[in-house]
Amino acid sequence: MSGVRTVSSSSANAKSYDSIMKILLVGDSGVGKSCLLVRFVEDKFSPSFITTIGIDFKIKTVDINGKKVKLQLWDTAGQERFRTITTAYYRGAMGIILVYDVTDERTFSNIKQWFSTVNQHANDEAQLLLVGNKSDMDTRAVSTDQGEALAKELGIPFVEASAKDDTNVNDIFFLLAKLIQEKIDSEKLVGNTGRDGSVNVGAAGNNSKSNCC
Amino acid sequence: MTKLRCPFAGCDSCIVSAEEGRKVVLPAEVYDKLRLALPSNQAPRSGEFSVFEDIWDFDNIGVSRQVPTEIEAAAENAQELRFTWKERPYTLGKLQKYLICADCDRGPLGIVCEILDAEGARETVNLLSLASVLA
């Protein structure tokens, strides 16, 4: 995988964020993972040569409880067609979005397969989120209740989304980031209590202010 | 601190903080050679770019996949464009990826590119075109 591999420690003294999170989108081909990452085809403005090259990843900054969190969002780039998603893709992922298409029953039944693949390759600590995509379509084949039942069975949160609605898409990334941050904060709390007996809330925080947009 | 924003209608995505110390100036032909987007035909072709060594410096940015050889070949004549950075001479090297707006996908607003110093040592940096964004 090219692009950013690690955060260089040299930038730590002047870093423009409180934390970073690598987030992956997985699911069958055609469920609209790329549409969650790149805007819906109709209002795309990229020149055709950019569309041809495709998007490797995006960085988006969100504010979570006053903390400036940078999300790095990755799509599988169609590798799922060949079942060749490598362990490298999952390495370091703190959040994984399992996507199915509510108009395609097959993509929904394959979620369990994706769930076990993710559990096999990803870090145990990774926060998962089930997303039923294309919820704006009339040709729905999977009900919201079915999605909720599956999420309950897998023990992960669930939302429906439509890539046509940008706000909704950004909400998904925000929700996942918030869940990850809460997990980090609660573990930090437990960890600190365990070590020295005192609770040290916010010890990892620094003075950089969240001032983006 | 001033934020650099996506210049295109209805977007205004916040890309990164503007920092004077990151500024470099490339020859004006860079826009055509690298097929960079400008907000309008009248946009001044100042040749100004901001150099970011770490992609995490950006608040919101989209990064394309590796530029394929055939497109890269078209941009190849952009290599050898000279500029001064940190008071040292550099030339542009291999074009690797394009930078686009993370929210509206318009661009390219910049490039991920190899640069070479006078001794030929290579490093990869992110160059944001200041003429392609709003301050």
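Okay, let's start with confidence: chain B has a mean pLDDT of 91, and 95% of its residues come in at 70 or more. Keep in mind that this is a predicted model. For the complex, the predictor reports an ipTM of 0.92, along with a pTM of 0.81.

What I want to show you today is some backbone geometry in chain B. A quick reminder before we go in: most residues other than glycine have a negative phi, and most peptide bonds are trans.

So, which two residues does the cis peptide bond join? They're Gly107(B) and Pro108(B), and omega there is about 0 degrees. If you want to find the spot on screen, go to the loop of chain B that runs between strand S7 (88-100) and strand S8 (110-117), and you'll see Pro108(B) in it.

Now move to the other loop I had in mind, between strand S6 (82-85) and S7 of chain B, where Lys86(B) sits. Lys86(B) isn't a glycine, yet its phi is positive, about 50 degrees. Glu87(B) is in the loop between S6 and S7 as well. Its phi is near 65 degrees, again a positive value in a residue other than glycine.

Are these side by side on the buried or the exposed end of the scale? Let's take them one at a time. Lys86(B) has 54% relative accessibility, and the cut-off for exposed is over 50%, so Lys86(B) counts as exposed. Glu87(B) has a relative accessibility of 79%, so Glu87(B) is exposed too.

That's my tour: the cis bond at Gly107(B) and Pro108(B), then the positive phi values at Lys86(B) and Glu87(B).

Definitions and conventions:
Residues numbered from 1 in each chain as written. Chains lettered and ligands numbered in written order. Predicted model: local features only at pLDDT ≥ 70, side-chain atom pairs only at ≥ 80, totals over all residues. Heavy atoms only, no water. pLDDT = per-residue confidence, 0-100. Helix = DSSP H or I, 4+ residues; strand = E, 2+ residues; numbered from the N terminus. Buried < 20%, exposed > 50% of the residue type's maximum accessible area, 1.4 Å probe, protein only.
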